[in-house]
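This report describes the two chains in turn, then the contact between them. The sequence and structure are shown first.

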Amino acid sequence: MSRPKGFLVLGRTMAVPLSRVSAVTGLALLTLMLAACAATLSLGRLGIPLADLPGALTGGAGGKAAFVLERLRGPRLVVGVGTGAALGLSGALFQTVTRNPLGSPDVIGLAAGAGAGAAAVALLLPGAVPVPFGALAGAVLAIALVYLSTGTGFRNPGRLIVAGIGVSAMAVAFIQYVVYAVERDKATVLTAYVNGSLSARSWEHAATIWIVLLVTAPFAAAIAGRLGLAEMGDETAAMLGAEPGRTRTAAVALSILLSAGAVAVAGPISFIALTAPQIARRLTRGTGPHLMLSALTGALLLVLADLAAQQLPLPVSLPVGIYTLGLGGLYLGYLLIREWKKGTL
Amino acid sequence: MTVTVVRTVPGDAGAPRARASRLVWFLIVALAVLALAMLASITFGSLPTSVGDAVDVLRGTADESTTAVVQSRYPRTALGLLAGLGLAVAGTIMQGVTRNPLADPGLLGITAGASAGVVSATAFLGVSGQWNTVWWALPGALLAGVLVHVIGSAGSGAGLARLVLAGAVVTAVLTAYVQAVTLGMPKVFDSYRYWVVGALGGRDFDVLLSVLPAAGLGLLMALLLAPALNTLALGDETASALGASPGLTRALGLVAATLLSAAATAAVGPIAFIGLAVPHIVKAVVGAEVRAQVVFSAILGPALLLLADVAGRVVLRPQELMVGIVTAFIGAPALLVAVRRMRSGT
């Protein structure tokens, strides 16, 4: 029996599509991410020296190292990896569905909605409802509003973007009002949250995002093949039995669930969901959703951004969301100029 | 919008006199609305006064305390006039220049540029006070506006989505910068959060005077450019054939629009949707002629902004809702309704 090319054969009946370039890229990304993780744990004044790291991770840590690992940087790192992966996966699903390289849950108002939800909770029900729940509710509400106001669901990217702008404008105005109305200290905390931050995360945060990730990942893997077909256009997809309508709805639901999970643990971190799938696609030079690689890229990007947020010698420590916003904005600009030169947008 | 143009122009072409007299009537109505808005603006506030009080003060027959209360609302009303004019005329010119119905100072990065300018000046140059920061909002806004225009609409056929995305890019990068600076410096953050919300209150005549030259220059340029912009609406090739130079007109139009919206933003902070909505209302009323559009925008913009400001003073009494928030919550639903009517494929 000849082995099918481009597939990884598991046992006698299963074959997972896996091309060699994807496998190599995946391994390279994984290696880079492990290096970034090691750097996150060992750099800086409180870092665990690289030589002690294996011992500390296998349970031989004591005193300062244990505190850094279990309380300070360990949970933050685990939340960072999970959130980055969730955002990367969410973006890959969303961009494939909208067939638009610039579509992402945060471009169409999810982030601003989450910020407004958090602000509403902070202003109206201080202490009664946890801020992340407010963020979650706001994000869902914003997406629902965008969905309803386009009139055609998520199919028309132009409408989606304009509707997203409208919803974002309202959400941002509300955030600004709250930041204006509360005292300065509260306003600073809220502004940091609204930008997305990974500082002071606990193991509960880590558990939340990883549960969301592990629950959604199998569904995402299950629809990945059909999603690839849906990319060829509705008619072709329907002929091949991919049920484009249902696949699309499922993908959007998964995408929003992942983004909302990320928002709940880290606040609205911008641009990871937008850039990770683009980078993954360019690394493999292929078509298709590249869900796994997008998730890996997202995790790597966020861990790197958070490493910068922790270690750059700035007079103040900034929330990681500001780094992703600035760098993601620059990347989006590069993407626009490139597509303009190719004349494809 | 094109629908309106097609409907209006042929019907009026045969009867220019009827069109002119209709425009005069519209002008009278618009001015009456503006006068009412101004009267409302000096009447309503946290201290109760009636329309009769306001009229008495204007005639000089009111008692001293009522006069003081009503006159304290003069700077606010004057700022509303200037900001509304600046934003609405800027929106009209921008929509004409880019042929893009979504062009608006907020969407095209100008607001973020002004914010970045204000924050930089406060943080690094020790500039303080409303009078001085104005001069830093202007260059910031100008730079951002040019950048968005270059990324978003250079080359052929300025796509609607791309210009908006270019605005989003520039806004994202500048916002990251502004957030980084303000979160690092509590003092800067404190003054910035009051500026960024967009309000007419709490500012005095000095602020108005300092942006008046920029706004005046912008309005003058807008009026002078109007005929050239009419030609531009026929398409670049036709415009060139008629002896106009589309590139120059477009560049000057962008400068005029940026001067106007930067003056408004510098004076009262970012205010959303006036620049987007007023030009659409005006086009529906007066048709495609740009000079008439500019004149009507200059009247209806302030009227709408002052009415929004009055609404903000009334809804949460005795507290106030800043006008920037009121316009966002009126304007965004209007945009969402407009989305449903967009042709697919744009």
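Helices (H or I, at least four residues) and strands (E, at least two) are DSSP runs, numbered from the N terminus. The model is predicted: local features need pLDDT of at least 70, side-chain atom pairs count only at pLDDT 80 or more, and totals for chains, interfaces and linings use all residues. Residues are numbered from 1 along each chain as its sequence is written, while chains are lettered from A and ligands numbered from 1 in the order in which they are written.

**Overall content of the chains**

Chain A contains 14 helices and two strands, whereas chain B contains 15 helices and zero strands. A residue is taken as buried if 20 or more other C-beta atoms lie within 10 Å of its own, as exposed if 12 or fewer do, and as partly exposed in between, with C-beta atoms placed from the backbone. On that basis, 53% of the 345 residues of chain A are buried, and buried residues make up 53% of the 346 residues in chain B. Two residues are in contact if their C-beta atoms, placed from the backbone, lie within 7 Å. Among contacts with a separation of 6 or more, residues 24 or more positions apart account for 72% in chain A and for 76% in chain B.

**Annotated transmembrane regions**

An unreviewed UniProt entry places the feature "transmembrane region" at several spans of chain A, including residues 77-95 and 107-125. For chain B, the unreviewed UniProt entry gives this feature at spans that include residues 251-278 and 320-339. UniProt positions are given in the numbering used here, feature names are shortened, and annotations may be inferred rather than shown by experiment.

**Local features of chain B**

The expected span of a helix is 1.5 Å times one less than its number of residues. For the 23 residues of helix α12 (residues 246-268) of chain B this gives 33 Å, in agreement with end C-alpha atoms that are 33 Å apart.

Leu47(B) lies in the loop between α2 (16-43) and α3 (51-59) of chain B. This residue counts as partly exposed because it has 13 C-beta neighbours inside 10 Å. Its C-alpha atom is separated by 9.8 Å from that of Arg317(B), 270 residues apart along the chain.

**Helix packing in chain B**

Axes are lines fitted to C-alpha atoms, for helices over the stretch in contact, and angles run from 0 to 180 degrees between N-to-C directions. The axes of α10 (residues 205-232) and α14 (residues 290-315) of chain B come within 7 Å and cross at roughly 150°. The two helices are therefore roughly antiparallel, a term for angles over 145 degrees. Residues making the contact include Leu219(B) and Leu223(B) of α10(B), and Val294(B) and Ala298(B) of α14(B).

**Interface between the chains**

In the interface, 41 residues of chain A are in contact with 42 residues of chain B. The largest share of the chain A side, 15 residues, comes from α7(A).

Note on methods
Angles under 35 degrees count as roughly parallel, over 145 as roughly antiparallel, 65 to 115 as roughly perpendicular and the rest as oblique.
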